[in-house]
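Please look at the sequence and the structure below. The report that follows describes how the chain is folded in the model.

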Amino acid sequence: MQRKDKKNKKRKHLGSTMPVRRGHVAPQNTFLGIIIRKFEGQNKKFIIANARVENCAIIYCNDGFCDMTGFSRPDVMQKPCTCDFLHGQLTSRHAIAQVAQALLGSEERKVEITYHRKDGTSCLSCLDQGSDFLCTTHIIPVKNEEGVVMMFILSFDYVLDELSSDSLERLKHSSPSRSVH
C-alpha cells in the first residue's frame, strides 16, 4: 500500500511540472512549419538548409524557388545550400565566396549573384529565355535557444535591370509555367 502511494505521489509531482503530450510532436518540425508559412505568405522564393550536417543540406525548397531555377524538389533536396548546381559561366567567384563565407561564419548577409537555370541555354543574347538571372540571395542563420545555428534560410529575389524597360517583361518570360513536383 505504501509503495502504491509513493508511485501516485511521483506521478502527481511529474504531472504538475511537465506538460502532457499526446502523440509525437517534434518542436523543430513545428518551427519549420511556422517559417515556411511565414515566407510563403510573402511570396518568397526560398530554401531551408540544415546547418548541423556537412554541406548544410537543403531540407526544404518552395515552388517559387523551383519556378525561378527550373529545378524540381527532388533535384534540389539534400544538395548543399551553397547552390553550386546553379552556378554558370556568369557566376562570379567573388559572389560564390561571399555566400560560402556567410555560411561558414553563420552570419546574415545579402549577396548579389548570377545563377544559371536548369534549362542549360547559356548564350548572352538569350536572356529573355531566362537561362542566367541576377538575384539577391539573402542568407539568414536561424539559432536555437542556446544560440547555436540550427538551419539557414536562403531567400532569392530577382534583380531587375533598371536601365532596361523590358526587364519586367523578360522576368515574366524567364519563369516557366509551374511543373508538377
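## Model and confidence

This is a predicted model, in which local features need pLDDT of at least 70 and side-chain atom pairs count only at pLDDT 80 or more, while totals for chains, interfaces and linings use all residues. Residues are numbered from 1 along each chain as its sequence is written, and side-chain values use heavy atoms, with hydrogens and water left out.

pLDDT is the predictor's confidence in each residue, from 0 to 100. The chain has an average pLDDT of 77, and 66% of the residues score at least 70. Over residues 10-26 the pLDDT stays under 50, and the model gives this stretch two contacts (heavy atoms within 4.5 Å) beyond four places in sequence. Residues 163-168 also have a pLDDT below 50, with four contacts beyond near neighbours in sequence. Where pLDDT is low, the predicted coordinates should not be read in detail.

## The sheet

Helices (H or I, at least four residues) and strands (E, at least two) are DSSP runs, numbered from the N terminus. Two strands pair if DSSP finds at least two bridges between them. In this model, five strands make an open antiparallel sheet in the order 2-1-5-4-3. Strand 2 (58-61) and strand 3 are the edge strands, each pairing on one side only. From one strand to the next, the twist averages 25°.

Six bridges join strand 1 (residues 45-50) to strand 5 (residues 149-158) in the antiparallel sense. Lys45 has Phe156 in strand 5 as its bridge partner. Helix 5 (residues 93-104) packs on the sheet and touches strand 3, strand 4 (132-143) and strand 5. The direction of helix 5 makes about 135° with that of strand 3, where axes are lines fitted to C-alpha atoms, for helices over the stretch in contact, and angles run from 0 to 180 degrees between N-to-C directions.

## Nonpolar cores

A nonpolar core is a set of buried Ala, Val, Leu, Ile, Met, Phe, Trp, Tyr and Cys residues joined through side-chain atoms within 4.5 Å. Buried means under 20% relative accessible area, exposed over 50%, and partly exposed in between (1.4 Å probe, protein chains only).

The largest core has 30 residues, and Ile47 and Phe156 have the most contacts inside it. Strand 5 supplies the largest share of this core, five residues. Another core, apart from this one, has 11 residues, including Ile36, Phe46, Ile48 and Met151.

Cys61 lies in strand 2 and is buried, with a relative accessible area of 0%. Leaving out residues up to four places away in sequence, Cys61 touches Phe46, Ile47, Cys66, Arg73, Val76 and Met77.

Thr114 belongs to strand 3 (residues 109-116). Thr114 is buried at 18% relative accessible area. Beyond neighbours within four places in sequence, its contacts are Leu90, Thr91, Asp132, Phe133 and Leu134.

## Salt bridges

How many salt bridges are there? With a salt bridge taken as a side-chain nitrogen of Lys or Arg within 4 Å of a carboxyl oxygen of Asp or Glu, the count is three.

Asp63 and Arg73 form one of them, at 3.1 Å from N to O. Asp63 is in helix 3 and Arg73 in helix 4 (residues 73-76), 10 residues apart. Asp63 is buried at 18% relative accessibility, whereas Arg73 is partly exposed at 25%. Lys118 pairs with Asp75, the closest N and O atoms being 2.7 Å apart. Glu107 and Arg109 also meet in a salt bridge, at 2.2 Å from N to O.
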